[in-house]
Each structure stands twice: as structure tokens, then as C-alpha cells.
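Please read its points with the sequence and the model in view.

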Amino acid sequence: MRLTRFTDLALRVLMRLAVEDAELPTTREVAATMEVPYTHTAKVVARLQHLGLVEARRGRGGGLALTAAGRAASVGGVVRELEGEGDVVDCDGATPCPLRGACILRGALRRAQEAFFAALDPLTVEELVAAPTGPLLLGLSATARGPAAAAP
């Protein structure tokens with residue numbers, strides 16, 4: 001199974017926020033760190049905020065923060081929510097497949113999709129940023145903020 005770019009970016013945003021200790025990064029800073037367009041990142045952040053995984057604070061001292069629910073969220077649950085529970089293949093689309101009534105493949109693909117989600121279920125966002133990923137994310141964050149932030 002292949003994740004949409006939206007889900008991929010959402011997971012990376014959650015990971016980025018999971019390693020943040022001090023300053024709250026802005027959506028622009030997160031976009032720069034992930035090397036993706038700001039507009040895409042803003043849409044992802046809005047969805048994650050709607051799901052209660054991210055908190056966005058406005059004004060001076062504002063920025064993005066991972067909520068406690070976001071930190072403890074199951075990766076499988078997040079992926080299910082963002083990808084949806086739809087079939088891997090569209091057997092009933094605009095041109096329905098003539099085999100759909102007796103197709104074994106459709107059920108097998110549905111089971112494979114559930115196995116994919118189930119493999120991600122025990123993993124939390126917090127666990128995604130264990131070493132070596134977390135330190136790497138911190139290094140990227142410092143680089144995105146500029147040389148002053150990267151200095152020890």
C-alpha cells in the first residue's frame with residue numbers, strides 16, 4: 001500500500017513537533033524543515049488540528065505544538081483517519097469492474113490493507129522519534145531556523 005503525499009507529510013509534521021522542546025515552530029518553519037510548500041503544510045496542520053493532534057497558537061510566542069493526544073496517537077490510527085477506510089482498488093467506480101461480483105482479489109486486498117494498518121497500530125508518534133530519528137529531526141530544525149539557532 002502506498003500513502004498519499006498528504007498522509008506522508010502529516011506523519012512528518014507530527015514527528016517534527018514530537019521532538020520540539022523549547023520554541024514552538026511556525027507552520028512556515030516546519031514547511032522549510034520538511035522542504036515542502038507552505039500551502040501543503042498549512043492544510044496538513046489544519047487537519048491535524050481538527051483531529052486534536054496539534055495545537056496552533058497565534059500571536060507573539062505562538063506556533064505549533066503536539067498535544068498529549070498527538071504524542072500518544074497510534075500511527076495506524078492516524079493513517080486510517082487520513083487515508084480513509086476505502087478499498088485499495090475502485091471496483092465500483094465510473095466503469096465498474098465486470099469481475100466485482102465474484103472477485104477474490106478484492107477481499108485479499110482488503111485484508112492486506114488491514115494488515116498494513118495493523119502493523120502500524122502499536123507504534124505511537126512518540127516512538128517514531130526515538131534515536132536515531134529524533135536527533136536527526138532536531139538537526140534539521142536547527143538548520144531551517146538559521147545559523148544562530150544551530151550554534152551550541
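Predicted model: local features only at pLDDT ≥ 70, side-chain atom pairs only at ≥ 80, totals over all residues.

What covers the buried residues of H6? The cover includes helix H5, residues 75-83.

1. Overall composition. The secondary structure of the protein amounts to nine helices and two strands. Followed along the sequence, these elements give the pattern α-α-α-β-β-α-α-α-α-α-α. The C-alpha trace spans about 65 × 30 × 25 Å along its principal axes.

2. The protein has 152 residues, of which 36% count as buried. Among contacts between residues at least 6 apart in sequence, 68% join residues that are at least 24 apart.

3. Helix H6. This helix comprises residues 104-120, 17 residues in total. From first C-alpha to last it reaches 25 Å, close to the 24 Å expected at 1.5 Å a residue. Its buried residues are Arg106, Gln113, Phe117 and Leu120. Seen down the axis of H6, these buried residues fall within an arc of 60°, so they line one face of the helix. The other side of H6 carries Ile104, Arg111 and Ala119, which are exposed.

4. A general remark on helices. An α-helix has 3.6 residues a turn, so residues three or four places apart point the same way.

5. Helix H3. With 13 residues, H3 reaches 18 Å between its first and last C-alpha atoms, close to the 18 Å expected at 1.5 Å a residue. Thr41, Val44, Val45 and Leu48 are buried in this helix. Viewed down the axis of H3, the buried residues fall within an arc of 100°, so they too line one face of the helix. They pack against helix H1 (5-18), H2, S1 and S2. Lys43 and His50 are exposed on the face of H3 turned away from its buried side. Just after H3, Gly52 takes a positive phi of about 80°.

6. The hairpin. Strand S1 (residues 54-57) pairs with strand S2 (residues 63-66) in the antiparallel sense, over four bridges. One of the paired positions is Glu55, whose bridge partner in S2 is Ala65. Five residues lie between the strands of this hairpin, where Gly59 takes a positive phi near 85°.

7. The largest pocket. About 280 Å³ of space lies in the largest pocket. It is lined by 13 residues, and the closest to its centre are Thr27, Ala56, Arg57, Arg58 and Leu64. The elements that give two or more residues to the lining are helix H2 (27-34), helix H3 (38-50), S1 and S2. Which element gives the most to this lining? It is H3, with three residues.

8. Thr7. This residue lies in helix H1. Is Thr7 buried or exposed? It counts as buried because its relative accessibility is 0%. Setting aside residues up to four places away in sequence, Thr7 touches Val79, Leu82 and Glu83.

9. Points to follow in the model. A reader may begin with H3, whose buried residues pack against elements that include both S1 and S2, and then turn to the largest pocket, where H3, S1 and S2 are among the elements that give two or more residues to the lining. H6 may be examined next, together with helix H5, which is part of what covers its buried residues.

How values were computed: Residues numbered from 1 in each chain as written. Heavy atoms only, no water. Expected span 1.5 Å × (residues − 1). Buried < 20%, exposed > 50% of the residue type's maximum accessible area, 1.4 Å probe, protein only. Arc of directions from axis to C-beta. Contact = heavy atoms within 4.5 Å. Pairing = 2+ DSSP bridges. 1 Å grid on protein atoms, 1.4 Å probe; cavity = no way out; pocket = protein on both sides within 12 Å on 5 of 7 lines; lining within 4 Å. Points joined across faces, edges and corners; volume = space filled by probe spheres on them.
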